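Here is a short report on side-chain packing. Look over the model first, then read on.

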Amino acid sequence: MILSVSNIDKSFNEIPVLKSISFHIEEHDKAAIVGINGAGKTTLLRIIMGDLTPDNGIVTFSRDKTIGYLSQHEAVSGENTIYDELLSMKQDMIDLEHRIRSTELQMKTASEETLERLMNTYSDLTHAFEAGGGYAYKSELTGVLKGLGFTEDEFTRSVSTLSGGQKTRVALGKLLLLKPDLIILDEPTNHLDISSITWLETYLRSYKGAVIIVSHDRYFLDRIVNKVIEIDNTKATVFTGNYSDYAAKKEILRTAEYNAYVKQQQKIHHQEAVIEKLKSFNREKSIRRAESREKMLDKIEVLDKPVTVRSDMHLRLEPKYESGNDVLHIENLSKSFCALTLFTSLGFHLRKGEHVAIIGDNGTGKTTILKMINDLLPPDAGEIRLGANVAVGYYDQEHHVLHMDKTLFEEISDDYPTLTNTEIRNTLAAFLFTGDDVFKQIKSLSGGERGRVSLAKLMLSEANFLILDEPTNHLDIMSKEILEDALNAYTGTVLYVSHDRYFVNRTASRILDLRDGTLTGYLGNYDYYLEKRQAETATSSGNAARSDMPSDSRSISGRIVSQTANDSITDGRQDWLARKEQQAAQRKKENELKKCEEQIEKLETRNREIDSLMASPDFCTDVAKLQELNREKETNDTALSDLYEKWELLSE
């Protein structure tokens with residue numbers, strides 16, 4: 001065991017954040033700490049690192065173990081180059097190397113008396129240098145820098161000229177080169193593109209030490225961790241397995257808790273109804289039985305209703321009206337910034353109802369494309385054409401669509417003046433802004449809170465074409481799931497940029513990969529894209545090996561690649577047909593349910609008519625008529641019993 005966290009408590013202003021938090025980390029564990037924004041994840045990390053003192057409890061590390069910690073906003077500073085900044089982490093190897101060179105020089109002029117001593121020293125130094133990875137540290141350093149997205153041209157850039165995100169990447173690189181026994185990372189993927197995240201996954205998966213990660217990147221966690229520590233309502237629960245294993249187990253627990261609550265509530269309501277009925281008889285025996293049941297009811301330990309963020313936050317995206325079939329057409333699009341050319345002759349087409357993700361490395365121009373579609377940047381050349389009846393809703397990752405000096409209430413009321421005060425408050429409450437929260441200024445909100453305000457405005461827009469730039473940035477996992485569900489239910493068209501592969505996998509029906517100034521389309525989700533990319537890489541390797549083959553043979557290879565593309569379209573067609581078949585089956589069940597409800601209503605209405613007839617003067621003395629009506633009612637009751645059972649099955 002490398003770390004033990006035992007019974008940690010922490011409160012701020014007498015409000016509990018962590019209660020009795022306990023878990024342990026073994027030497028080779030890869031663990032994730034998950035929870036909604038504000039659950040106390042970063043607070044827990046700061047307590048582990050000794051930056052915060054817990055109210056109660058103890059944190060214990062194994063002896064002689066090294067710890068490395070990268071906080072969420074940690075960055076480097078100074079005038080060093082990027083390369084030299086990381087090289088400083090190998091100072092022990094540099095010093096050893098200098099001592100080895102110095103000893104070599106001394107050996108050249110040493111006398112026989114001192115030569116043996118110097119040779120022994122030299123042997124010890126070279127052994128220590130080899131054991132410490134001295135012969136590979138420069139290539140290792142270069143590999144880390146490239147893996148984190150720095151090109152060789154950038155190695156000589158001064159750290160002082162870097163952006164905040166780049167400085168954080170340098171800090172992460174320094175930590176990885178330190179190779180501590182336990183690495184603790186707080187949101188390490190925030191400033192990485194997909195290629196860098198993939199590299200970091202591979203690095204951490206094979207890392208010999210232990211790792212603790214706080215991250216909202218579910219795909220990243222899925223590929224690395226073997227333990228999940230959930231912070232929920234101040235408590236910690238430990239789950240074995242990766243994120244998907246945790247999510248499945250959590251859903252089972254959540255469902256079991258809710259079912260137990262519902263079952264108990266049904267039992268309580270039933271007992272209350274029986275008690276009321278017994279009391280209505282107004283007899284001594286029935287009253288005693290009612291009182292006995294009341295005492296039993298008082299002894300029941302009533303379960304609290306399970307509450308989750310998913311039940312509190314409500315996001316429903318629905319277009320006000322439909323667009324035409326052709327939503328967006330882009331042709332021969334070009335854009336450069338000074339000497340940097342992002343792309344030339346770029347083109348693609350969007351049809352109504354498509355959900356399309358643009359992916360690619362940082363700096364390739366993904367956000368630039370979205371800004372040009374929204375007239376926030378002019379293209380150098382090319383055509384951008386929106387289709388008929390297209391109403392655009394834009395979500396900007398920097399939240400430029402928000403006005404920093406306005407309050408939340410003003411932000412909504414100014415853009416949607418027809419809404420009443422109550423409607424504005426209800427909208428903000430649906431995104432967890434209640435009470436005096438609505439009078440906070442936008443500039444005082446966290447990144448996640450600003451994201452929720454932007455989502456609220458997006459929902460109110462009733463647009464039929466959503467353009468989203470990194471919509472999951474700063475959102476916690478629960479909020480991401482709510483957005484995913486809303487987008488999957490959305491009947492309009494969606495075009496978005498995202499580095500969140502889990503999000504892309506759940507919401508995209510087509511992927512556009514922006515690479516080397518070219519867009520390549522893949523009809524499917526992210527898993528499908530990965531599969532096809534791997535197949536293309538294997539094909540490219542084969543083509544390189546056969547570069548000297550005759551042109552006829554290369555034509556055959558070209559036809560094989562074309563066939564692969566056709567196969568992808570066929571696969572997409574089959575998926576579409578399967579979805580259509582599923583939707584048709586669902587509509588059939590809904591129609592059966594509606595017919596069943598109509599039959600129940602018809603028979604219940606007839607039974608009420610029969611009760612009225614049997615009580616009327618015209619029928620109460622006619623025995624034959626009464627018997628006939630009674631038989632009809634019994635038949636109706638039997639039919640109703642069957643219909644109730646059928647209704648229950650269809651409702652499920």
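Which residue lies over the face of Phe433, and at what distance from the ring centre? The residue is Arg452, at 4.6 Å. Note that this is a predicted model.

**Charges over rings**

**Nonpolar cores**

Arg452 also touches Phe431. Other contacts of Phe431 include Met313, His314, Leu315, Leu455, Ala456 and Met459. Phe431 belongs to the largest nonpolar core, which has 93 residues. Phe431 is among the residues with the most contacts inside that core, along with Leu204, Leu315, Leu317, Leu455, Leu466 and Ile511.

A second core is separate and has 25 residues. Among them are Leu18, Ile21, Ile33 and Leu45. Ile21 is found in strand β2, residues 15-25. Is Ile21 buried or exposed? Ile21 counts as buried because its relative accessibility is 0%. Beyond its sequence neighbours, Ile21 touches Val5, Ser6, Asn7, Ile8, Leu44, Ile231, Thr234, Lys235 and Ala236. Asn56 is 35 residues from Ile21 in sequence, and the two C-alpha atoms are 9.9 Å apart.

**Aromatic pairs**

The model has 13 aromatic pairs. Two of them are tabulated.

| Pair | Centre to centre | Angle between planes | Type |
|---|---|---|---|
| Phe129 and Tyr135 | 5.0 Å | 90 degrees | edge-to-face |
| Tyr203 and Tyr207 | 6.1 Å | 25 degrees | stacked |

Why is the pair of Phe129 and Tyr135 edge-to-face? The planes of the two rings stand at 90 degrees, so the pair is edge-to-face; the cut-off is over 60. Phe129 is buried, at 4% relative accessible area. Tyr135 is exposed, at 59%. Tyr203 and Tyr207 are both buried. Elsewhere, Tyr219, Tyr522, Tyr526 and Tyr529 form one aromatic cluster.

**Two loop residues**

Asn242 is in the loop between β9 (235-240) and α9 (243-281). A polar atom of the Asn242 side chain lies 3.2 Å from the backbone oxygen of Asp222. The Asn242 side chain also reaches the backbone nitrogen of Ser244, at 3.3 Å. Leaving aside neighbours within four places in sequence, Asn242 is in contact with Leu221, Asp222, Val225 and Val228.

Glu354 is in the loop between β11 (340-351) and β12 (355-359). Glu354 is buried because its relative accessible area is 18%, and buried means under 20%. Contacts of Glu354 include His349, Gly492, Thr493, Val494, Ser509 and Arg510.

Terms used:
Residues are numbered from 1 along each chain as its sequence is written. This is a predicted model: local features need pLDDT of at least 70, side-chain atom pairs count only at pLDDT 80 or more; totals for chains, interfaces and linings use all residues. Side-chain values use heavy atoms; hydrogens and water are left out. A nonpolar core is a set of buried Ala, Val, Leu, Ile, Met, Phe, Trp, Tyr and Cys residues joined through side-chain atoms within 4.5 Å. Buried means under 20% relative accessible area, exposed over 50%, partly exposed in between (1.4 Å probe, protein chains only). Contact means heavy atoms within 4.5 Å. Helices (H or I, at least four residues) and strands (E, at least two) are DSSP runs, numbered from the N terminus. A polar contact is a pair of N or O atoms within 3.5 Å; within protein, one must be able to donate a hydrogen and the other to accept it, and residues adjacent in sequence count only if both atoms are side-chain atoms. Rings of Phe, Tyr and Trp (its six-membered ring) pair if their centres lie within 6.5 Å; planes under 30 degrees apart count as stacked, over 60 as edge-to-face and the rest as tilted. A charge sits over a ring if NZ of Lys or CZ of Arg is within 6 Å of the ring centre and within 35 degrees of the ring normal.
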